[in-house]
Every structure is written in C-alpha cells, then in structure tokens.
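Here's a quick briefing on a helix packing and some aromatic pairs. Have a look at the model first, then read on.

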Amino acid sequence: MIDTHQHLIYPDRFSYRWAEGIPALSGAFPLSDYQKAADGCGITGTVFMEVDVGESSDEARFFCELAEESENRILGVIAAARPEQDGFEQYLDDTAHPKLKGIRRVLHTQPDELSQSPIFRDNVARLAKRDLTFDLCVLQRQLGIASELARACPETTFVLDHCGVPEIAANDALGGERFRNWSERIRALAAAPNVCCKISGLCAYAASNVQETATFVPYVETVLEAFGVERCVWGGDWPVCNLGAGLPKWIGMSREMVQALTPDEQHAVFTANAQQIYHL
C-alpha cells in the first residue's frame with residue numbers, strides 16, 4: 001500500500017497554528033511515530049502532505065531531504081504554496097526537487113473567492129508543465145468551487161482530499177438530503193477528467209460511536225462509482241485520523257470497503273494509481 005496522505009508534525013522546527021486548541025494533535029508527530037503506528041499494516045511507501053505551516057518553503061525542503069533517504073519510505077512530497085500571490089513560479093523554482101510531486105493550498109479555511117481569482121487559476125494551470133499535481137482540500141459546500149477550478153485548469157491534475165469532506169455526522173446516508181447534495185456535487189466534480197479522488201480522512205468526520213465500516217461504505221462506493229477505480233487513491237491522514245478510528249483500524253476498514261473489487265482493482269486503489277498520478 002502507498003499512503004498518499006501522511007502528515008508529520010515537528011513543532012521544534014515549524015509552527016502549527018491550526019492545531020492550537022486540538023489536544024489530540026498537540027505536540028510532535030515525527031516519522032518514527034508514524035512508522036510505529038503503521039507497523040505491520042502493509043504500507044510500503046508514503047506521500048508526505050504539507051501541514052499548513054508558516055514556513056512552507058522550509059517545510060518542503062526538509063521533507064524532500066527526508067525523502068532522499070530510502071529507509072524513510074517517503075516516495076513524494078506535496079508542498080504548501082500560495083497560488084494567489086505574485087512570485088509563485090519563483091517559489092516553485094526555489095523548492096524544485098525530484099521528490100516534490102505537487103502542491104496544496106488548503107481552501108476550506110479561506111474565503112470562497114480565493115480560488116476564483118485570475119492569478120490563482122493562472123498559477124495552478126502552470127503546474128501542468130512541471131508535472132505537479134494540485135491537492136484540493138475543500139468542504140462539502142465548496143465542491144462546486146472545486147469543480148470550477150478544475151475546469152478552469154484542464155491540463156492540471158487535481159486530487160480531491162478526503163472524498164470532499166462529507167458532513168458524515170449530519171448526512172444521514174443514504175437517505176439524507178445532505179448526503180444527496182454531497183453525492184450530486186461529487187458526481188459533477190468527477191465529470192472533469194483531470195480530477196482524482198483520495199479515499200482518506202473520513203473517520204475524522206464521524207462520531208465516535210459510528211467508527212465502523214458500515215458508516216463509510218456509502219461514501220466510498222459513491223466515489224468509486226463516480227471517479228472510477230482508475231482515478232481513486234488511498235490515504236491514511238495520520239495523525240488526524242487519530243481523531244477517529246486511528247491508522248490501523250482505518251486501514252482495516254478501507255480493505256473491507258473494497259472487497260467487492262477485483263485484486264487488480266484493489267491494487268490500483270492502494271498502490272498503482274498513486275504511482276501514476278503522483279509520478280512516484
């Protein structure tokens with residue numbers, strides 16, 4: 001398995017203001033702790049996902065250097081960036097590295113209009129020429145905005161994080177209006193051929209008493225049908241997944257949810273698609 005959503009937190013090096021007030025995510029979460037959590041779970045490689053620090057270029061360089069050491073099993077790095085700012089291409093030049101595979105700008109904490117500006121879209125469109133992806137981190141209500149961005153940058157490959165952050169606690173799958181709203185927007189986004197979907201993060205959005213496979217099956221089945229097996233990848237979202245089931249249990253549930261797929265299809269979701277999409 002390739003974990004395409006590995007967070008690592010080093011508070012002695014970087015600032016993590018977003019984690020303030022979240023006791024479960026306070027302190028350090030280094031690579032050694034991730035390796036302990038993933039031990040015996042079948043993960044053979046990872047993609048480090050930026051953690052929205054203030055020192056984004058330093059974070060990118062630090063984790064690209066970690067990725068140079070094969071024993072760390074970090075196959076690629078997704079760096080933070082600010083496509084809404086001048087100097088974006090210079091930033092990409094400065095952080096260029098063989099292990100840098102894409103960038104992410106967290107959008108769910110920003111005004112909706114951020115990704116609608118011409119400079120933002122022009123800069124995201126430029127990623128295609130560098131073979132860099134763009135990870136989409138949006139809320140359920142912002143899926144329409146994500147669709148607009150993807151269609152404005154048709155040559156750029158987008159990866160939708162966390163199945164579009166469905167409001168699991170309120171969606172009442174399968175019959176709820178909010179679930180239907182999410183699934184309709186997911187299908188509209190999947191109609192853009194340059195968008196892929198990451199099966200990750202779901203357990204962080206469900207109540208503690210429903211941390212079980214049956215809770216997440218409707219969401220995973222929907223994205224597999226909408227995007228197709230060939231455009232879905234898997235991610236652990238450690239240590240954020242500790243807000244829910246935790247990494248080993250999330251891995252177990254993920255395997256259960258794709259049992260209906262053929263062995264080749266399961267391999268695609270868990271490994272092969274990540275290699276292709278992120279150029280690992």
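Helix 2 (residues 56–68) packs against helix 3 (residues 88–95) at an angle of about 30°, and their axes are 10 Å apart. That makes helix 2 roughly parallel to helix 3 (angles under 35 degrees count as such). This is a predicted model, where local features need pLDDT of at least 70, side-chain atom pairs count only at pLDDT 80 or more, and totals for chains, interfaces and linings use all residues. Residues are numbered from 1 along each chain as its sequence is written, and side-chain values use heavy atoms, leaving out hydrogens and water.

**Helix 2 and helix 3**
- The crossing of helix 2 past helix 3 is right-handed (the near helix is turned clockwise from the far one by less than a right angle).
- On the helix 2 side, Ser 56, Ser 57, Ala 60 and Arg 61 meet Tyr 91, Asp 94 and Thr 95 of helix 3, contact being heavy atoms within 4.5 Å.
- Sorted by type, the residues of that contact are 2 nonpolar, 3 polar and 2 charged.

**Aromatic pairs**
- Counting ring centres within 6.5 Å, there are 15 aromatic pairs.
- One of them joins Tyr 34 and Trp 238, edge-to-face at 5.6 Å centre to centre with 75° between the planes (over 60 degrees counts as edge-to-face).
- That pair links distant parts of the chain, 204 residues apart: Tyr 34 sits in helix 1 (residues 31–38), Trp 238 in the loop between strand 8 (232–234) and helix 9 (247–257).
- Tyr 34 is buried at 3% relative accessible area, and Trp 238 is buried at 4% (buried means under 20%, with a 1.4 Å probe and protein chains only).
- Ring pairs also tie Tyr 10, Phe 14, Phe 48, Phe 62 and Phe 63 into a cluster.

How values were computed: Axes fitted to C-alpha atoms, helices over the stretch in contact; angles between N-to-C directions. Helix = DSSP H or I, 4+ residues; strand = E, 2+ residues; numbered from the N terminus. Parallel < 35°, antiparallel > 145°, perpendicular 65-115°, else oblique. Nonpolar A, V, L, I, M, F, W, Y, C, P; charged D, E, K, R; others polar. Phe/Tyr/Trp six-rings, centres within 6.5 Å; stacked < 30°, edge-to-face > 60°. Buried < 20%, exposed > 50% of the residue type's maximum accessible area, 1.4 Å probe, protein only.
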